[in-house]
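Colleague: I am new to reading models like this one. Please pick a single part and take me through it closely, with its surroundings.

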Amino acid sequence: PASLIVWDCNCSDCRMRRNVHFIVPAGCLKLIVDSRGGEGGADDLAEYRWGTGAARHYFCARCGISPFYCPRSNPDGHAVTF
């Protein structure tokens, strides 16, 4: 796209990680495994919920990076962090 709208969330987790994110419809996010032999994909993700449990935060179970989450404000999409 010519432009991209990103959000700078002010929750304590996103502030700590300095996450900004954009929303991708749930059906449009595809996780892949590195074709060069690396590991990864959905099987290496862990999930964390707090508070109401509505938001689902995913992170790499190996290194801890948080690539995306399902926000409670947009449960039909994924907030991709960068």
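Modeller: Happy to! Contact, or touching, means heavy atoms within 4.5 Å. This is a predicted model, where local features need pLDDT of at least 70 and side-chain atom pairs count only at pLDDT 80 or more, while totals for chains, interfaces and linings use all residues. Residues are numbered from 1 along each chain as its sequence is written, and side-chain values use heavy atoms, leaving out hydrogens and water.

Let's look at Pro25. You will find Pro25 in strand 1, which covers residues 21-25 (strands are DSSP runs of E, at least two residues, numbered from the N terminus). Setting aside residues up to four places away in sequence, Pro25 touches Asp76 and Gly77. Pro25 counts as partly exposed because its relative accessibility is 47% (buried is under 20%, exposed over 50%, partly exposed in between, with a 1.4 Å probe and protein chains only). Now find Thr52: it sits 27 residues from Pro25 in sequence, and their C-alpha atoms are 22 Å apart in space.

Next, turn to Val24, which belongs to the largest nonpolar core (buried Ala, Val, Leu, Ile, Met, Phe, Trp, Tyr and Cys residues joined through side-chain atoms within 4.5 Å).

Finally, Tyr58 leads us to Ser66, whose contacts beyond four places in sequence are Arg17, Tyr58, Phe59 and Thr81. Ser66 lies in the loop between strand 3 (56-60) and strand 4 (68-70). With a relative accessible area of 10%, Ser66 is buried.

Technical notes
Helix = DSSP H or I, 4+ residues; strand = E, 2+ residues; numbered from the N terminus.
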